[in-house]
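Colleague: I've got this chain open on my screen. Can you walk me through a few spots in it?

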Amino acid sequence: MSQIENSITSMAVVFIRQRHGGSAVTREEITRAVRECASLMTGTSDSPDIDLEALAAEIETRLVVKVGKPTTLVDQRDHVPWYFGDCKSDRRFFRRYSEFLLQDQGWPAATVETIDEATDLIMEQLEDPQRSGVWDRRGLVVGHVQSGKTANYAGLINKAADAGYKLIIVLAGMHNVLRQQTQRRLDRDVLGYDTTPPKKNGHGYVRIGVGELDGSVHAEHLTTQAVNGDFSRRLAENLGIGVQQRPVLLVVKKNAKILENLNNWVSEVLTPKGDTEARPLLLVDDEADQASVDTGEQVFDEDEIPDPDYEPKRINGQIRRLLNAFTRSAYVAYTATPFANVLIHDQATADGFGDDLFPRSFIVNLPAPSNYVGPRTVFGIDQEEDEASEGVLDVIRTVKQEREGWIRQGHKKTFTPRFKNEEEIPPSLQKAVLSFVLACAARAARGKPQAHNSMLVHVSRFKDVHQRVFGQLDAWLSDLKRALRYRTGAEKMVERMRQLWEADFEPTSAKVRNLDLGKDIPFTLWSSIEPLLADVADRIRCQVVNSDLKEGLPYEDYEKQGLGLNVIAVGGDKLSRGLTLEGLTVSYFLRPSKMYDSLMQMGRWFGYRPGYADLCRLYLTSDLQLWFRHVATAAEELRDRLDHMASIGSTPEQYGLRIQSHEILMVTAQNKMRHSREFQISFQGEAKIQTVFFRDRKPNEHNAAKVVEFLETLGRPVERNGQTDWRRHEGRRLWKGVPGLDVADLLGSLNFPEEARDVNGLRLSSYVREQLKAGELTEWTIAVQSGRGESRECSGWLFATIERKPLSRGKDVGRYVVKTILSPRDEAVDLSHEEYAAALAETNRTREKQEKPAADKPDGVDIRKVRGQDPRRALLLLYPLSPSKAELSDLDVPVFGIVVSFPDSESGRAVRYRFNTVEQRFEILE
């Protein structure tokens with residue numbers, strides 16, 4: 001984009017925001033603003049050198065972004081609400097940050113508003129820094145991989161500085177490069193000046209980012225952008241900065257020695273001065289599932305009392321020691337893969353270290369904007385076949401790793417990659433590189449010649465192997481550059497690229513343009529790409545990115561020259577955590593990991609791809625594709641459960657978490673799961689009987705409304721005993737042949753307490769949908785039972801309630817718990833006389849073998865076995881329970897309980913889940 005086009009775009013964005021604020025804006029209004037600004041800048045609204053429609057499309061991708069609402073689990077114990085009124089009236093740090101994102105970075109208003117809203121939620125769960133006494137808040141913020149977590153916690157830090165937090169420490173990765181990257185970002189977004197130490201004859205610190213908008217607000221620093229700029233006593237003493245009136249920011253690597261030095265400074269310098277009592281601490285832990293989680297084995301006795309003399313692993317222990325040193329502290333963990341964090345033992349504590357890092361105070365689930373390309377968009381999730389590809393990008397290309405034989409799984413650091421016994425890259429990697437050249441050329445043809453473009457090659461964890469891969473890749477790339485530049489034997493290569501463009505990119509772009517994510521992607525012809533191939537290829541450089549790299553990739557150096565960096569990054573673990581690859585288009589990924597969190601963090605291809613999502617390519621083995629899809633499904637289920645619990649007002653310590661397991665993959669490292677347990681959950685041939693209910697009015701009213709809404713769709717029941725108006729009939733009502741998908745929708749819409757471990761609507765719904773794929777559970781009988789309790793009405797429907805006495809153990813945990821809601825004969829309501837007789841005969845055969853007297857009614861297992869002769873059939877029993885008997889005086893509608901009776905099934909699969917300590921504790925209620 002030319003300078004004049006940049007100026008027109010920036011001016012048009014300002015015009016639109018002045019006119020429309022944060023409200024919706026149409027494409028026509030955007031185009032009108034572009035024409036007005038073009039006329040002001042050039043004297044004409046129809047210059048042949050400026051593609052006004054392309055500029056309008058660019059602005060639309062910035063402005064028209066939909067973002068959901070964050071959800072929060074909160075524990076209000078010992079918490080004093082504070083973040084309102086005057087506390088939010090003078091936010092100079094945050095105001096200049098939001099203006100910087102809007103004006104300088106061109107962020108959509110909806111995205112900035114979401115950061116504002118989400119960080120308000122987090123600030124509300126911290127404590128007022130002016131509050132006296134002792135307090136300690138621990139929280140977790142769950143984001144998405146490459147989705148803007150740094151922008152969120154930069155917003156939080158700005159608001160914390162406004163509110164009066166004086167010492168703010170950010171734990172940023174385990175490598176110097178990642179720490180520098182974070183320091184550089186927070187210099188721009190919070191401090192407003194470059195912390196690189198000025199030269200002796202220099203003029204002090206240079207203003208950057210937010211500082212160029214408003215330099216009157218100021219915070220100090222005790223770490224810098226320099227390679228050796230991590231925390232040290234020497235640097236702190238040289239800067240001569242204490243924790244006084246201005247906020248002080250530190251960006252610290254997760255290194256045990258550095259954290260120990262920091263703790264020693266706190267104890268030897270801050271504590272004697274009284275700062276650890278006078279100044280509250282905000283500790284932000286980025287990528288909190290890495291290194292922060294204790295991997296040691298603390299012993300708990302039979303009463304779940306932890307060994308007080310236990311000493312945590314070094315990094316975890318130093319983090320806890322830091323928090324423990326301050327009488328007032330707040331710990332906010334950020335991660336996109338929270339599996340290890342929620343599996344922390346919720347009761348763990350140790351003398352001298354304090355509590356472990358379980359997020360007991362709050363969990364915030366951040367939404368992903370509509371323009372985010374995440375795991376679900378790339379891989380889809382396990383769901384209905386007709387929905388499986390809905391909204392999914394067609395960008396994955398399969399690598400036949402074993403057939404090519406270039407990289408072997410399980411190789412050692414001495415391994416040398418070979419294709420057909422030659423030290424050269426295989427055809428699949430050649431194709432990936434050609435795809436990258438085409439993507440660079442296409443972006444240039446679309447008006448982005450100065451954009452950064454990156455390619456990821458991640459095939460090994462060994463640095464020695466990285467060097468060999470780099471050598472082969474660089475040699476092949478050099479030959480390609482030479483051929484394209486000098487046209488020596490380039491005809492075959494150019495023809496190969498033309499065929500790749502027309503056979504792969506053109507149809508993929510057409511598919512992506514049909515999605516909301518790609519509606520503004522322009523048509524790009526081969527004729528506009530071919531002339532650019534030599535130039536973009538010549539600008540591509542290969543770079544090894546591993547722990548030997550002392551500084552990050554030089555994107556900023558290229559920006560200062562008005563250029564974009566085209567880079568192929570070859571590496572391993574450093575590419576897995578935190579390191580940003582700007583403009584990532586092509587990924588060649590053969591590095592298997594069998595841990596959910598590591599696998600997902602390696603996916604640097606997630607993020608924002610405005611105007612070029614169709615150009616992205618992901619080269620993977622078929623196994624890795626399946627693994628990523630499973631992890632995406634497990635992560636989606638985890639988020640759904642979090643949202644569900646937030647909707648019913650649960651706290652983190654009531655949030656019994658389970659994560660779907662896998663036969664090959666592990667949820668996280670074994671030593672991070674030592675306090676969790678794995679359970680196998682099965683549904684085939686079982687009856688799921690709800691026995692735990694809410695005592696709160698809101699979730700019960702929600703469930704009653706959803707049940708009635710479902711019943712309204714069923715029409716007349718098959719049993720209505722002569723009643724004309726079946727809605728007012730108080731006896732049992734029965735429907736048959738109800739579609740399984742409708743039942744799945746109902747189950748998924750109901751709220752269930754976490755303590756009802758096996759009766760979970762989302763999991764029941766998921767199982768029904770899974771079985772529908774196999775042609776099972778397609779025809780349901782629905783029965784609304786009746787009893788002798790009081791009559792209750794809901795939306796025109798009348799119910800004779802059923803009385804079930806509450807058990808005392810439920811009251812102790814704030815739940816309505818009953819022994820059972822199922823009456824003996826209810827489960828056989830859908831059986832014919834012949835089927836009933838067969839089930840009873842089977843029951844009595846079993847009883848005879850056990851030398852027991854004959855029964856007059858069949859057991860549930862035999863009912864389900866008989867029903868399983870036609871596994872299309874299933875039964876849902878709805879019980880309107882008496883709120884009077886439940887001692888719920890403020891509830892006017894029934895407490896609806898469910899029993900789901902599943903038939904036997906040969907295709908029904910068991911699902912394994914890993915439970916955290918909170919979830920395991922709920923078993924006592926079952």
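Predicted model: local features only at pLDDT ≥ 70, side-chain atom pairs only at ≥ 80, totals over all residues.

Modeller: Residues are numbered from 1 along each chain as its sequence is written, and side-chain values use heavy atoms, with hydrogens and water left out.

Colleague: What share of the 926 residues counts as buried?

Modeller: The chain has 31 helices and 30 strands (DSSP runs, H or I of at least four residues for helices, E of at least two for strands, numbered from the N terminus). Buried means under 20% relative accessible area, exposed over 50%, and partly exposed in between, with a 1.4 Å probe and protein chains only. Of the 926 residues, the buried share is 57%.

Colleague: Which residue of S15 is the bridge partner of Val457?

Modeller: Strands pair if DSSP finds at least two bridges between them. S14 (residues 540–545) runs parallel to S15 over 6 bridges, with Gln543 opposite Ala569. S13 (residues 453–458) is also parallel to S15, joined by 5 bridges. In S15, the partner of Val457 is Val570.

Colleague: How many disulfides does the structure hold?

Modeller: A disulfide is a covalent bond between the sulfur atoms of two cysteines, and the cut-off used is a pair of those sulfurs within 2.5 Å. Cys37 is buried at 0% relative accessible area, and Cys542 is buried at 10%. As for disulfides, the count is 0.

Colleague: How far apart in space are Thr327 and Trp135, C-alpha to C-alpha?

Modeller: Thr327 sits in the loop between helix H12 (314–325) and strand S7 (328–335), and at 24% relative accessible area it is partly exposed. Contact means heavy atoms within 4.5 Å; leaving out residues up to four places away in sequence, Thr327 touches Gly133, Val134, Trp135, Thr276 and Glu277. Thr327 and Trp135 are 192 residues apart in sequence, yet their C-alpha distance is 6.5 Å.
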